[in-house]
Amino acid sequence: MLKTLAAIGATSALCFIGSAAQAQQKWDMPTGYPASNFHTENIQQFAGDIDKATAGKLKITVHDGGSLFKANEIKRSVQGGQAQMGEIIISGYSNEDPVYGVDSIPFLATSYQESQKLWQASRPATEARLAKQGMKVLYSVPWPPQGIFSSKPINSAADLKGAKWRAYNPNTSRIAQLVGAQPVTVQAAELTQALATGAVNTFMTSGATGYDSKVWEQVKYYYDVSAWLPKNLVIVSQKAFDGLDKPSQEAVLKAAAAAETRGWKVSQEKNTWYIEQLKKNGMTVDAGSAQLRADLKKVGEAMVADWTKQAGADGQAILDAYRK
């Protein structure tokens, strides 16, 4: 009888511990961008929405600025269970799979509308690949269109020859090779230091990253060529997601849908503001000469062809769906 009561007591204690663990979960969410960046602000609101919707059962701590994991380590940290969720720039992993890099092929999708259409065409293949690695896509938000920052004037692609070109994914490295520049891999969090030390003097990125990094302290020219709109994805460990109760899962998905809608809208609104800030801080902002744009278009055409070969049937299916 005593043994039976002891067993019941032990079982009850375990059930209590289990229910307590179920009652509240604390997740870590690393991101590589500063607290003031619109992506990070969106994530903070996303985390707050989840906290509110679950009545505190799921609390997400956002670690910004690469403070927990550097930007290029975040996917692996989520995949390996070191963090439950995280934010990644998906094109940064196109060496792993070319499908991940479709949104950074120059001049394939150059507006928010085109970028949204390309995401819808590529999302199933992207999600399937991440699912095989134990991760679930919660939402995407694009960066503003990519332009060229330079320490000297650029009138054609020939002016880029020999430049120390900041690369943040395989496609930006490939552009450097095609125009005769020297690619140097630098993550967003290290860009300010790389500019200050002269490690890079030319790069393609959005006005957002330019503003975050105060690039006007080192470079004076920005060419707003709208080459592509790379996307950040917020991903979650499928194991961690499956460990939530059903209401919490629904709260995460609902907050993610709201964050995606909000993020796309804010990105577009902020793009104009970022360009204005570059001008206010003394930068020369230009749409780029006809020669420069023609040269870059040729680079884009070559890269679409290269990418299609690399991505195979899945890649062709994505392009066909996008071009319908």
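1. Let's start with Phe107, which is partly exposed at a relative accessible area of 27%. Buried means under 20% relative accessible area, exposed means over 50%, and partly exposed is in between, using a 1.4 Å probe and protein chains only. Phe107 sits in the loop between β3 and α4 (112-132). Its phi is near 65°, a positive value in a residue other than glycine. That is worth a second look, because most residues other than glycine have a negative phi.

2. A word on what you are looking at: this is a predicted model, in which local features need pLDDT of at least 70 and side-chain atom pairs count only at pLDDT 80 or more, while totals for chains, interfaces and linings use all residues. Residues are numbered from 1 along each chain as its sequence is written, and side-chain values use heavy atoms, with hydrogens and water left out. Helix and strand names follow DSSP runs numbered from the N terminus, with helices (H or I) of at least four residues and strands (E) of at least two.

3. Ala55 also has a positive phi, near 55°, and is not a glycine. You will find Ala55 in the loop between α2 and β2 (58-63). With a relative accessible area of 72%, Ala55 counts as exposed.

4. Now follow the chain back into α2, which covers residues 38-53. This helix has 16 residues and spans 22 Å from its first C-alpha to its last, close to the 22 Å expected at 1.5 Å a residue. The expected span is 1.5 Å times one less than the number of residues.

5. Which residues of α2 are buried? They are Phe38, His39, Thr40, Asn42, Ile43, Phe46, Ala47 and Ile50.

6. Next come the sheets, where two strands pair if DSSP finds at least two bridges between them.

7. Contact here means heavy atoms within 4.5 Å. Axes are lines fitted to C-alpha atoms, for helices over the stretch in contact, and angles run from 0 to 180 degrees between N-to-C directions.

8. Rings of Phe, Tyr and Trp (its six-membered ring) pair if their centres lie within 6.5 Å; planes under 30 degrees apart count as stacked, over 60 as edge-to-face and the rest as tilted. The structure holds 10 aromatic pairs. In one of them, Phe38 and Tyr274 have ring centres 6.4 Å apart and planes at 50°, so this pair is tilted. Phe38 belongs to helix α2 and Tyr274 to helix α9, and the two are 236 residues apart. Both residues are buried.

9. Phe149 and Phe203 make a stacked pair, 5.1 Å centre to centre with 15° between the planes. Phe149 is in β5 (residues 147-150) and Phe203 in β8 (residues 202-205), so the pair ties together parts 54 residues apart in sequence. Phe149 is buried at 0% relative accessible area, and Phe203 is buried at 0% as well.

10. Finally, an open sheet of 6 strands runs in the order β7-β6-β8-β5-β9-β11, with mixed pairing. At its edges stand β7 (182-185) and β11 (284-286), each with a single partner strand. Inside this sheet, β5 and β8 pair in the antiparallel sense over 4 bridges, and Phe203 in β8 is the bridge partner of Phe149. Helix α9 packs on the sheet, touching β5, β9 (221-223) and β11, at about 140° to the direction of β11.
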